[in-house]
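Let's walk through this one together, piece by piece. Have the sequence and the 3D view open as you read.

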Amino acid sequence: MPNKKSAEKRVLIGERNRLYNKYWTSRCKTAVKNVIALVASGNKEEATKSFNIAQSVIDKAVVKGVMHKNTAARRKELMSRRLKTLKV
């Protein structure tokens with residue numbers, strides 16, 4: 001346990017930030033998994049809708065400082081490549 005009041009506050013802030021980051025990271029992973037699952041099932045229309053939602057979630061995570069912009073670009077590119085494999 002911390003001995004100083006400022007150290008106690010930093011512990012609380014760190015825990016708050018950890019939960020916040022965990023929420024956004026989990027939300028991004030779930031969105032990506034949904035897109036990949038829909039692509040695997042072959043449903044192009046639903047996969048496209050899910051792809052747009054996933055892009056939005058990932059972009060919000062970048063703005064909030066939870067995810068690096070290059071990581072976000074890599075994840076979006078992965079989803080985009082998978083989506084392109086579906087035929088019309």
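**Starting from Leu83**

Let's begin at Leu83: if you skip its neighbours within four places in sequence, Leu83 is in contact with Val39, Ala47, Thr48 and Phe51, where contact means heavy atoms within 4.5 Å. Before going on, keep in mind that this is a predicted model, in which local features need pLDDT of at least 70 and side-chain atom pairs count only at pLDDT 80 or more, while totals for chains, interfaces and linings use all residues. Residues are numbered from 1 along each chain as its sequence is written, and side-chain values use heavy atoms, with hydrogens and water left out.

Leu83 belongs to helix 3, and one of the helices it meets there is helix 2: Ala47, Thr48, Phe51, Ala54, Gln55, Ile58, Asp59 and Val62 in helix 2 touch Lys69, Ala72, Arg75, Lys76, Met79, Ser80 and Leu83 in helix 3. Helices here are DSSP runs of H or I with at least four residues, strands are E runs of at least two, and both are numbered from the N terminus. Sorted by class, this contact has eight nonpolar, three polar and four charged residues. For that sorting, Ala, Val, Leu, Ile, Met, Phe, Trp, Tyr, Cys and Pro count as nonpolar, Asp, Glu, Lys and Arg as charged, and the others, Gly among them, as polar.

How do helix 2 and helix 3 run relative to each other? Their axes come within 10 Å and cross at roughly 175 degrees, which makes helix 2 roughly antiparallel to helix 3. The axes are lines fitted to C-alpha atoms, for helices over the stretch in contact, and angles run from 0 to 180 degrees between N-to-C directions. Under 35 degrees counts as roughly parallel, over 145 as roughly antiparallel, 65 to 115 as roughly perpendicular, and the rest as oblique.

Now bring in helix 1 (residues 5–41), which packs against helix 3 (residues 69–84) at about 15 degrees, with the axes 9 Å apart. That makes helix 1 roughly parallel to helix 3. Val32, Val35, Ile36 and Val39 on the helix 1 side meet Leu78, Met79, Arg82 and Leu83 on the helix 3 side, a set that splits into seven nonpolar, no polar and one charged. Ile36 sits in helix 1 and counts as partly exposed, at 27% relative accessibility; buried means under 20% relative accessible area, exposed over 50%, and partly exposed in between (1.4 Å probe, protein chains only). Apart from neighbours within four places in sequence, Ile36 is in contact with Leu78 and Arg82.

The remaining pair to look at is helix 1 and helix 2, which pack at an angle of about 160 degrees with their axes 9 Å apart. Helix 1 and helix 2 are therefore roughly antiparallel to each other. The contact takes in Trp24, Arg27, Cys28, Ala31, Val32, Asn34, Val35, Leu38 and Val39 of helix 1, together with Glu46, Ala47, Ser50, Phe51, Ala54, Val57, Ile58, Lys60 and Ala61 of helix 2. By class that comes to 13 nonpolar, two polar and three charged residues.

What does the largest nonpolar core look like? It has 17 residues, and those with the most contacts inside it are Cys28, Val35, Val39, Ile58, Met67, Met79 and Leu83. Helix 1, helix 2 (44–63) and helix 3 are the elements that give two or more residues to this core. A nonpolar core is a set of buried Ala, Val, Leu, Ile, Met, Phe, Trp, Tyr and Cys residues joined through side-chain atoms within 4.5 Å. In soluble globular proteins, nonpolar side chains tend to be buried together.

Ser80 lies in helix 3 and is buried, with a relative accessible area of 17%. Asn52, in helix 2, counts as partly exposed at 45% relative accessibility.
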